Amino acid sequence: MKIISILLGIVLLAFVIIQLFALNSQRNIETYPYKVTKKYDGFEIRTYDATLFTSVKLSTKNYKESSSKGFSILAGYIFGGNDRNEKIAMTSPVAMSLEDSMTMLFMVPKKFDKQTLPQPNQSQIKFREEPAKTVAAIAFNGWADDEKIETYKQKLITALDNEGIAFTNRFYFLGYNAPYEFFNRKNEVIVELQKEPLDH
């Protein structure tokens, strides 16, 4: 019993250390910047500047399968799988387009542009310039799955319809946490709004 108690203590200590490391990493990580222009009950309107991403298109719309495969490919690139064997800092959030075939996107740190980025070793990785955009965003906590993402997508659609805000069919899931983070998990579903001026 004493050995079991010691082992459990070691596991618990390791878990606490990992979670503290995760919280500290989140504070120092570069994030996709935005400005909140209006808050509603349950969602908000934001503007994003034009931003460069690395992306990979996936052949499935299953969240678990797509996120695992996409993360593995893009993480391989930023951890040195490129023509310069150069490590590129992780950014937040990881974005996924909510389409029949999902695309996963990692924001490129601001110090790089298309000319200075190392070239990926894997041909399916593309550099993608996302234009400046206005979006509506709804947040949820905990672990994401297909059901939760769809639930909050529908909640956002209903809320926008109720406010008479016109939106496009370009929906994205944003995940802010590494898989090993248990606390303060943050997820969002966003949708690009129509470009015409809004009277709201």
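K133 forms a salt bridge with E130, with the closest N and O atoms 2.4 Å apart. A salt bridge here is a side-chain nitrogen of Lys or Arg within 4 Å of a carboxyl oxygen of Asp or Glu. Both K133 and E130 are buried, meaning under 20% relative accessible area; exposed means over 50%, and partly exposed lies in between (1.4 Å probe, protein chains only). This is a predicted model: local features need pLDDT of at least 70, side-chain atom pairs count only at pLDDT 80 or more, and totals for chains, interfaces and linings use all residues. Residues are numbered from 1 along each chain as its sequence is written, and side-chain values use heavy atoms, leaving out hydrogens and water.

**Salt bridges**

- The structure holds ten salt bridges.
- Side chains of opposite charge can pair when their charged atoms come close.
- E86 and R84 meet through their side chains in a salt bridge (2.9 Å, N to O).
- E86 is partly exposed because its relative accessibility is 22%. R84 is also partly exposed, at 41% relative accessibility.
- Salt bridges with shared partners join K39, E44, R46, K186 and E188 into one network.
- Within that network, the side chains of E44 and R46 form a salt bridge at 2.8 Å, N to O.
- E44 has a relative accessible area of 11%, so E44 is buried. R46 has 2%, so R46 is buried.

**Overall fold**

- The chain has three helices and eleven strands. Helices (H or I, at least four residues) and strands (E, at least two) are DSSP runs, numbered from the N terminus.
- From the N terminus on, the order is α-β-β-β-β-α-β-β-β-β-β-α-β-β.
- The chain has 200 residues, of which 42% count as buried.
- Among contacts in the chain with a separation of 6 or more, 71% join residues 24 or more positions apart. A contact means heavy atoms within 4.5 Å.
- The chain exposes about 11700 Å², with carbon and sulfur atoms supplying 57% of that area. Accessible areas come from the Shrake-Rupley method with a 1.4 Å probe; for residues, only the protein chains shown count as cover.

- I3 is found in helix α1 (residues 2-28).
- I3 is exposed because its relative accessible area is 64%.
- I3, I6, L7 and I10 form a nonpolar surface patch, with about 420 Å² of accessible area together.
- Patches are made of residues with over 30% relative accessible area and no salt bridge; like charges are joined within 9 Å, and nonpolar side chains (Val, Leu, Ile, Met, Phe, Trp, Tyr) within 5 Å.
- An α-helix has 3.6 residues a turn, so residues three or four places apart point the same way.

**Helix α2**

- Helix α2 (residues 63-78) has 16 residues and reaches 22 Å from its first C-alpha to its last, close to the expected 22 Å at 1.5 Å a residue. The expected span is 1.5 Å times one less than the number of residues.
- Buried residues in α2 are Y63, S66, S67, G70, I73, L74, A75, Y77 and I78.
- The buried residues of α2 pack against β4 (51-57), β6 (94-97), β7 (103-107), β8 (125-130), α3 (146-163) and β10 (167-175).
- At the start of α2, a side-chain oxygen of N62 comes to within 3.2 Å of the backbone nitrogen of K64.
- Just after α2, G80 takes a positive phi of about 120°.

- N85 is found in the loop between α2 and β5. N85 has a positive phi of about 50° although it is not a glycine.
- N85 is exposed because its relative accessible area is 62%.
- The peptide bond from S92 to P93 is cis, with omega near 0°. P93 lies in the loop between β5 (91-92) and β6.

- N169 lies in strand β10. N169 is exposed because its relative accessible area is 63%.
- N177 is found in the loop between β10 and β11 (186-193). N177 counts as buried because its relative accessibility is 17%.
- A polar atom of the N177 side chain lies 3.3 Å from the backbone oxygen of N184. The N177 side chain also reaches the backbone nitrogen of K186 at 2.7 Å.
- A polar contact is a pair of N or O atoms within 3.5 Å; within protein, one must be able to donate a hydrogen and the other to accept it, and residues adjacent in sequence count only if both atoms are side-chain atoms.
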